Amino acid sequence: MTIRVHIESLILEGLPSGALDTAQLGSAVQAELGRLLGEAGLHPGLASRGTFRSVQGAPLRAPAGRAGPLGVQIASAIHGALTVPGDPA
């Protein structure tokens with residue numbers, strides 16, 4: 001099975017502009033989400049349901065200025081939303 005995830009925009013509220021290395025953040029999200037999807041996959045009911053307009057995760061608690069740990073938490077929140085039935089767009 002091939003799983004494709006396209007994230008058009010990632011909005012992080014409460015962070016000052018320029019607080020993180022966005023390239024490092026993106027790489028961390030991609031690597032961790034790939035790992036999680038590879039290990040656990042998707043909820044069986046979601047595999048054929050298409051796209052999601054948005055996914056909202058729980059509050060994050062990464063150290064300020066640390067893109068890697070924050071990226072791991074973001075990927076975990078996205079994966080959590082993709083492993084339980086929800087409302088796709």
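First, the conventions. Residues are numbered from 1 along each chain as its sequence is written, and side-chain values use heavy atoms, with hydrogens and water left out. As the model is predicted, local features need pLDDT of at least 70 and side-chain atom pairs count only at pLDDT 80 or more, while totals for chains, interfaces and linings use all residues.

The overall picture. The protein has 2 helices and 0 strands; helices (H or I, at least four residues) and strands (E, at least two) are DSSP runs, numbered from the N terminus. Of its 89 residues, 21% count as buried. Buried means under 20% relative accessible area, exposed over 50%, and partly exposed in between, with a 1.4 Å probe and protein chains only. Accessible areas come from the Shrake-Rupley method with a 1.4 Å probe; for residues, only the protein chains shown count as cover. Turning to contacts (heavy atoms within 4.5 Å), among those with a separation of 6 or more, 82% are between residues 24 or more positions apart.

Now helix 2, residues 67-82. Its 16 residues should span 22 Å at 1.5 Å a residue, and the end C-alpha atoms are 22 Å apart, so the two agree. The expected span here is 1.5 Å times one less than the number of residues. The buried residues of helix 2 include Gly68, Gly71 and His79, and the buried residues of this helix pack against helix 1.

Which residues make up the largest nonpolar core? There are 11: Leu20, Leu25, Val29, Leu33, Leu37, Ala67, Leu70, Ile74, Ala75, Ile78 and Leu82. A nonpolar core is a set of buried Ala, Val, Leu, Ile, Met, Phe, Trp, Tyr and Cys residues joined through side-chain atoms within 4.5 Å. Helix 1 and helix 2 are the elements that give two or more residues to this core, and helix 2 has the largest share, 6 residues. Leaving aside residues up to four places away in sequence, Ile74 touches Leu10, Leu12, Leu25, Val29 and Leu60.

Leu10 comes up again at the surface. Leu10 is found in the segment before helix 1 (22-40) and counts as partly exposed, at 40% relative accessibility. Together with Val5 and Ile7, Leu10 forms a nonpolar surface patch with about 220 Å² of accessible area. Patches are made of residues with over 30% relative accessible area and no salt bridge, like charges being joined within 9 Å and nonpolar side chains (Val, Leu, Ile, Met, Phe, Trp, Tyr) within 5 Å.

Last, the charged residues. The structure holds 2 salt bridges, each a side-chain nitrogen of Lys or Arg within 4 Å of a carboxyl oxygen of Asp or Glu. Arg35 and Glu32 meet in one of them, at 2.7 Å from N to O; they are 3 residues apart in helix 1, and therefore separated by about one helical turn. Arg35 is partly exposed at 38%, whereas Glu32 is buried at 14%. Glu32 also touches Val72 and Ala75, not counting residues up to four places away in sequence. Glu39 forms a salt bridge with Arg35, with the closest N and O atoms 2.9 Å apart. Glu39 is exposed, at 59% relative accessibility. Through shared partners, the salt bridges join Glu32, Arg35 and Glu39 into one network.
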